[in-house]
Amino acid sequence: MTTQAVPGRLLDGYADILTEATATGRRLTREELTSRRALGAQAAEAGLAWRALVREHLTATRVHGRATRDPEHLLATAAQAIDAFAEGYERAQRMIVRQEGHARREFIDDLLHGRAGAGDLAARAERFGLRLSHAHAVAVTEGPAPYDDTDAVPRSLEDELLGRFGDRDILLSTKDGRLVCVAPAHQDDVLAHFAKLSHAATDGGRVALGRPRPGPTGIAHSYEEALNTLELAARMGFDEPVLHAADLLVFPVLTRDRQALVDLVLNTLGPLAQARGGAGPLLKTLQAYFATGCVTAQAARRLSLSIRALSYRLDRVHTLTGSDPADPRDRYTLQTAVIGARLLGWPDTAL
């Protein structure tokens, strides 16, 4: 709300109401109450502060009170008039908030999905505190439960961020049950703090940060990157609380040509399906072996196996596939195929 002076028209008829009502001892008529409500609504639509409006009414009441012989009835009349004025003000304000919320939601949807022209988005963005001439990055947090803008978590996060960084071109909202923060690329401390706060506020939710991109379409691309990173983390079983899309670019490269990745997985690891118990146990053995830097003892502990049992499984992989996990020449192909298998969900999903 702004603090400009209250226009005199918003008190039109107020002095007459006080004069007539106190002279006769009557209550306000329906028409008088309706006029007060209408003026209250106009005040809300004009963006006037409620404190200033009350002050002007009290000043007018004080002036009139000097000439009245019944101050008690004067105060009762003033209270009735101001109450009707407040009713109209609050009703209009609720409508404004709903309309503003709808406009904000439409803007966020268009911004994150790139559904509007750059010029239109830039013009609307200033209304919500963004300057799209800057490059921006997007962070997305996915918690154990879905969130919307009315929940306490996003509201408290917004208070924390604005309290720490002030109005620094930050937009925080929710989308599809996730928390979303848009911030300028050169202010990476904002997203870092958002990641820390949202991880804690969502009881260990996972945070993904897209890469900084210029312009309105860049925000949509950064948001999409963050979503893809969350999906990738779930598929690959990553346990890090905060993931940066820039650190995981190898995975989109692998999935860009899906058919080539399918061929690699089936040609390299397909023979593991011939093993007793299927390909699953041997694939998990390779995953643990590569995850521990090809250290047999550590991989065995991770799988709760003896070193001898683990070595036997690695030998079976060598026998079935013709590729030796301990041979640097074969290791890269095997490891890439193992990553591809996790990306594709093989062997649980038929390829």
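Is Arg26 buried, partly exposed or exposed, and what is its relative accessibility? At 24% relative accessibility, Arg26 counts as partly exposed, where buried means under 20% relative accessible area, exposed over 50%, and partly exposed in between (1.4 Å probe, protein chains only).

A word on the model comes first. What you see is a predicted model, in which local features need pLDDT of at least 70 and side-chain atom pairs count only at pLDDT 80 or more, while totals for chains, interfaces and linings use all residues. Residues are numbered from 1 along each chain as its sequence is written, and side-chain values use heavy atoms, with hydrogens and water left out.

Now step back and take in the overall form. The protein has 14 helices and six strands; these are DSSP runs numbered from the N terminus, with helices (H or I) of at least four residues and strands (E) of at least two. Its radius of gyration is 32 Å, well over the 20 Å that the globule rule gives for 351 residues, so the protein is more spread out than a compact globule. That radius is taken over C-alpha atoms, and the globule rule is 2.2 Å times the number of residues to the power 0.38. Along the principal axes, the C-alpha trace spans about 110 × 40 × 35 Å. Of the 351 residues, 42% are buried. The accessible surface comes to about 18,800 Å², and carbon and sulfur atoms account for 51% of that surface; such areas come from the Shrake-Rupley method with a 1.4 Å probe, and for residues only the protein chains shown count as cover.

Next, look at one pair of strands. Strand S2 (residues 171–175) is mostly covered, with five of its five residues buried. In a regular strand the side chains alternate between the two faces of the sheet. In S2 both faces are covered: Leu171, Ser173 and Lys175 are buried on one side, and Leu172 and Thr174 on the other. Its partner is strand S3 (residues 178–184), which runs antiparallel to S2 and is joined to it by five bridges; two strands pair if DSSP finds at least two bridges between them. Within this pair, Thr174 stands opposite Leu179 of S3. The two strands form a hairpin with two residues between them, and Asp176 in the turn has a positive phi of about 55°.

Finally, turn to the charged side chains. Side chains of opposite charge can pair when their charged atoms come close. A salt bridge here is a side-chain nitrogen of Lys or Arg within 4 Å of a carboxyl oxygen of Asp or Glu, and the count comes to 14 salt bridges. In helix H5 (residues 118–125), Arg124 and Asp120 lie four residues apart, about one turn of the helix, and their side chains meet at 2.9 Å, N to O. Arg124 is partly exposed at 21%, and Asp120 is partly exposed at 39%.

Our opening residue, Arg26, forms a salt bridge with Glu32, the closest N and O atoms being 2.9 Å apart. Glu32 is buried, with a relative accessible area of 12%. In helix H8 (residues 215–236), Arg235 and Glu231 are also separated by about one helical turn, being four residues apart. Salt bridges that share partners join Glu20, Arg26 and Glu32 into one network.
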